[in-house]
Amino acid sequence: MEVSFSKEVEQLRQGAGTTFHGEGILAITKALLQSGVAYVGGYQGAPVSHLLDVMVQAKPYLDELGVHVQACANEASAAAMLGASIHYPLRGAVTWKSIVGTNVASDALSNLSSPGVVGGALIVVGEDYGEGASVIQERTHAVALKSTMLLLDPRPDLEVMVRMVEHAFRLSEASNMPAILELRIRACHVRGSFECKDNVAPAYSTQRRIGEPAAFDYAKLAHPPVTFRHEKLKGDERIPAARRYIVEHGLNEVFDGRHADLGIVVQGGLYNSLVRALQQFGLADPFGASAVPLLVLNVTCPLVPEQLAAFCVGKRGVLVVEEGQPEYIEQEIATLLRRRDIQTPLHGKDMLPSAGEYSIEVLAAGMLRFVGRFLPAVDTAPVAAWLAANGTRRSEVPAQFERPLPARPPGFCIGCPERPVFAALKLAQQEIGKVHIAADIGCHAFGTFEPFSSGHSILGYGMSLASSAGVAPMMGRRTLAIMGDGGFWHNGLITGVQSALFNGNDVVLLLFKNGYTSATGTQEIISTPDDAARAAAADKLSSLTDTNQTIETTLKGLGVQWLRTVHTYRVETMRKTLLDAFTSPYEGLKVIIAEGECQLERQRRIKPWLADLLKRGERVQRVRYGVDEDVCNGDHACIRLSGCPTLTVKDNPDPLKVDPVATVIDGCVGCGLCGENAHAATLCPSFYRAEVVTHPRWHERLLDTLRRGVVRRLERA
């Protein structure tokens with residue numbers, strides 16, 4: 001029941017003579033097929049999730065080409081797939097979110113980079129850095145430098161991005177180095193067009209298999225003593241070969257400008273923002289032509305010393321526009337200029353911030369210093385005024401309100417099955433006291449925000465249980481680790497559960513089982529209910545997660561003795577189960593499986609079914625909840641315990657009361673949490689449950705008429 005990419009799949013079939021129109025990440029996907037890729041793998045994560053999602057749904061077409069596609073358990077298993085290119089002329093591509101995914105894959109990448117590859121090996125990473133990022137603020141560049149890998153950062157133009165994919169494979173083969181293609185969020189979602197080529201069926205594929213395995217070659221293993229030889233090959237052969245290819249094929253772009261005595265060196269991915277910033281000074285036209293010469297680094301590792309020296313020599317000043325820290329590119333340029341005794345003044349982090357995303361405003365502020373020093377004839381006053389006005393407008397917004405606006409962090413989806421568990425956790429802690437909670441990556445990480453504020457650390461996807469190992473023996477109360485089923489299969493089973501069992505840790509694991517890796521776009525995992533379970537479901541409104549017992553059987557097989565499964569919406573039952581886990585005399589790993597189908601997937605499943613019933617004129621019953629405003633006392637404990645976006649406040653209809661009353665707005669999916677919380681926490685009885693019936697049966701219409709008549713008589717009495 002995943003999101004359908006049927007239109008995108010059809011776009012992958014386009015051939016020579018047609019024009020592709022669409023987003024950057026889909027253009028990259030098409031470029032892989034045009035490059036003759038033989039196998040594709042990866043792990044989902046923004047902003048490159050669509051690449052693998054589309055490939056998986058395009059499997060029938062890819063089977064025609066002989067391309068193997070595999071959704072991997074984690075990024076390390078995806079990186080290990082590239083081992084096929086060590087011996088064989090197979091072009092392979094894998095994808096994941098960086099930097100967190102690259103960290104997970106770094107061991108495999110190191111061992112891949114040491115012997116090198118003969119078939120092109122490409123890693124497409126979503127460089128989730130800067131404003132709006134959902135991961136730690138680090139860069140992939142450090143990994144490329146550490147493992148001596150190629151790093152491409154293409155200019156956000158679909159023609160350039162597609163060309164860089166095609167060249168990335170050839171560059172990898174020419175240098176025997178794996179290549180990383182990093183795409184910022186804006187590059188993934190930039191829209192444009194390019195002229196298509198025919199897709200290329202790989203020479204060796206699932207349709208044309210390799211007859212015999214490669215001959216044994218110890219030099220292809222990442223194992224001493226040959227690793228010492230590999231290190232020499234990196235510096236003596238591979239990097240020089242890569243630099244020759246970069247120059248011969250013009251992968252880095254030079255744009256001339258009338259101010260030839262100045263220059264800007266910029267990462268390819270920042271080109272669009274830089275040009276927009278230059279336009280503020282009148283130093284670039286609407287078509288992107290810059291008055292200041294630009295060296296656009298579509299390949300940021302390795303750099304080409306001769307190319308950089310030729311660009312910098314004789315100039316009054318050069319600005320390096322490099323996002324993030326440390327300033328790897330700027331330091332390397334400074335070193336190579338010094339070695340060649342080139343005295344061109346070099347600027348970068350002295351004029352631009354060391355950290356944070358380089359937005360157009362940030363770049364304009366840096367350019368204000370650069371232009372003011374080297375182009376005094378340019379009137380910078382309008383830009384300075386524009387930047388100052390932006391700052392003033394932002395500072396004036398809070399002043400328009402009587403009191404500071406409250407923080408509005410992101411939260412769970414409406415009806416999310418994980419919200420009631422955190423409500424139960426709050427209630428349980430009211431009885432036993434606060435406990436140390438090791439949080440994890442996933443939808444459940446929203447539990448770290450108000451009104452739950454539950455979580456002391458996030459150490460990595462599936463790492464919550466492992467991260468509690470150091471603190472658990474030091475705590476007076478048992479610690480709690482929270483993990484999703486996606487994180488469980490990604491890493492938690494081995495690093496957390498296995499380790500806790502082996503060491504006999506007396507801890508509690510709360511495992512959310514919603515059936516999908518929901519935070520990455522609801523992709524299917526091994527514990528997702530299968531199609532047969534969906535088809536066999538007698539009640540299409542019920543949860544399907546209980547039809548797949550893979551997690552339960554795995555835990556039992558490992559030796560977990562204390563295991564409880566509780567439906568997430570049973571708040572009172574969940575509260576008692578949590579109390580039992582924290583107070584049980586059993587000393588060992590205690591696992592609570594909180595079972596509830598992802599609400600997004602549930603809605604995707606039932607909405608077409610309900611629509612079909614309505615179309616046929618059949619009876620449809622929906623459940624909605626509301627608040628009796630005459631009974632509500634304005635305490636709002638329900639909101640503090642729930643945090644549901646559809647549970648909010650409105651003005652009190654009673655003129656004698658000041659406090660606003662709670663109300664349930666449109667969007668409620670009838671999950672029942674309001675009532676469950678009211679029961680479990682003994683809240684006020686203001687909540688009511690309503691059944692909305694469309695196309696009711698004749699006796700229901702009759703009963704409704706009688707009820708209305710009785711109510712009218714009572715109102716007149």
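Student: In which sense do strand S10 and strand S11 pair, and over how many bridges?

Tutor: Strands of a sheet pair through backbone hydrogen bonds, either parallel or antiparallel. Here, two strands pair if DSSP finds at least two bridges between them. Strand S10 (residues 262-267) and strand S11 (residues 294-297) pair in the parallel sense, over four bridges. Gln267 has Leu297 in S11 as its bridge partner. The names come from DSSP runs, numbered from the N terminus: helices are H or I with at least four residues, strands are E with at least two. This is a predicted model: local features need pLDDT of at least 70, side-chain atom pairs count only at pLDDT 80 or more, and totals for chains, interfaces and linings use all residues. Residues are numbered from 1 along each chain as its sequence is written, and side-chain values use heavy atoms, with hydrogens and water left out.

Student: What is the order of the strands in the open sheet?

Tutor: The order is S9-S11-S10-S13-S14, five strands with mixed pairing. Strand S9 (253-255) and strand S14 (346-347) are the edges, each pairing on one side only.

Student: Which helix lies across S9, S10, S11 and strand S13?

Tutor: Helix H12 (residues 271-280) does, running at about 145° to S10. Axes are lines fitted to C-alpha atoms, for helices over the stretch in contact, and angles run from 0 to 180 degrees between N-to-C directions.

Student: How do the axes of H12 and helix H15 cross?

Tutor: Angles under 35 degrees count as roughly parallel, over 145 as roughly antiparallel, 65 to 115 as roughly perpendicular and the rest as oblique. The axes of H12 and H15 (residues 360-374) come within 8 Å and cross at roughly 55°. The two helices are therefore oblique to each other. Contact means heavy atoms within 4.5 Å. Among the residues making it are Leu274 and Leu278 of H12, and Leu363 and Met367 of H15.

Student: Is Thr140 buried or exposed?

Tutor: Buried means under 20% relative accessible area, exposed over 50%, partly exposed in between (1.4 Å probe, protein chains only). Thr140 is buried, at 0%. Thr140 sits in the loop between strand S5 (121-127) and helix H8 (141-147). Leaving aside neighbours within four places in sequence, its contacts include Ser98, Val125 and Glu182.

Student: How many disulfides does the structure hold?

Tutor: A disulfide is a pair of cysteine sulfur atoms within 2.5 Å. The structure holds zero.
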